[in-house]
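What follows is a walk through one model, taken region by region. Have the sequence and the 3D view open side by side.

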Amino acid sequence: MKSSSDSLPVLIGQSGPLNGSRWVIRKEMTVGRGEECEIVISDRKISRKHAQFSPSNDGILLEDLKSKNGTHHNGKAVKKPVLLSDGDLIQVALAQKFTFLSSDATIPLDFELPDESESKQNALKLDKLSRRVWIRGEELIPSLSAAQFTLLNLLYQAKGSLVPRDKLVQKIWDKEEAFGVSDQALDALVRRLRDRLAALDDSHPYVITVRGHGLRLENPKNS
């Protein structure tokens, strides 16, 4: 791993008591309620030693330390050490979220959360960096799975334009996996995404299917 501070991985606190804080991962870092931890979260849902970030030859590993309320990586429970990738979302119990960036140089020093004024223009707002989603000002919790967020972000970036089904499959799944992905698999993912969005707003469909062509996002203005 490079020694220059501008190429070290960084952890950014999101949506929790440590919101906006950031840590450069130079060595092993433990997250927990105990004062001996490098990252202390004073919340009863957090175990004394809850999770750990460890540098390795391949990158940064995330490990759950047999916590009571669990650690999640991109929406999936961490059962064994996970190698982190740029932009990954880590959730510690239901108390704190972190965004992992593979290099400190990938964010400006004046990093800020998304401009709340933008969310007043459209009902649905998302932030790609933190993988957070809001509908009519309310955040979607728990976070979307990695596949669900990728699908929503592709449609969001298209700004209402149609996105072909084959393009969605190629972007959501790896090249090797995409070859064998069926229409049913994409349709199932779309249904799960719609269900999650409907939990905050069931008055609007948001994800629109154009039969035989693809999908588009219908993002209404905030009333």
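Ser 47 counts as buried, because its relative accessibility is 16% and the cut-off for buried is under 20%. The model in which this holds is a predicted one. Ser 47 lies in the loop that runs between β4 and β5. Leaving aside residues up to four places away in sequence, Ser 47 touches Gly 32, Arg 33, Ser 67 and Lys 68. Gly 70 is 23 residues from Ser 47 in sequence, and the C-alpha atoms of the two are 9.0 Å apart in space.

Ala 51 is placed opposite Asp 64 of β6.

The next region is a helix pair. Two packed helices are described by the angle between their axes and the distance between the axes. For α1 (residues 146-157) and α4 (residues 183-198), the angle is about 85° and the axes are 10 Å apart. The two helices are therefore roughly perpendicular to each other, since angles of 65 to 115 degrees count as such. From α1, the residues in contact are Ala 147, Gln 148, Leu 151 and Leu 152; they meet Leu 189, Val 190, Arg 192, Leu 193, Arg 196 and Leu 197 of α4. By class, this contact of α1 with α4 has seven nonpolar, one polar and two charged residues.

Note on methods:
Residues are numbered from 1 along each chain as its sequence is written. This is a predicted model: local features need pLDDT of at least 70, side-chain atom pairs count only at pLDDT 80 or more; totals for chains, interfaces and linings use all residues. Side-chain values use heavy atoms; hydrogens and water are left out. Axes are lines fitted to C-alpha atoms, for helices over the stretch in contact, and angles run from 0 to 180 degrees between N-to-C directions. Helices (H or I, at least four residues) and strands (E, at least two) are DSSP runs, numbered from the N terminus. Angles under 35 degrees count as roughly parallel, over 145 as roughly antiparallel, 65 to 115 as roughly perpendicular and the rest as oblique. Contact means heavy atoms within 4.5 Å. Ala, Val, Leu, Ile, Met, Phe, Trp, Tyr, Cys and Pro count as nonpolar, Asp, Glu, Lys and Arg as charged, and the others, Gly among them, as polar. Two strands pair if DSSP finds at least two bridges between them. Buried means under 20% relative accessible area, exposed over 50%, partly exposed in between (1.4 Å probe, protein chains only).
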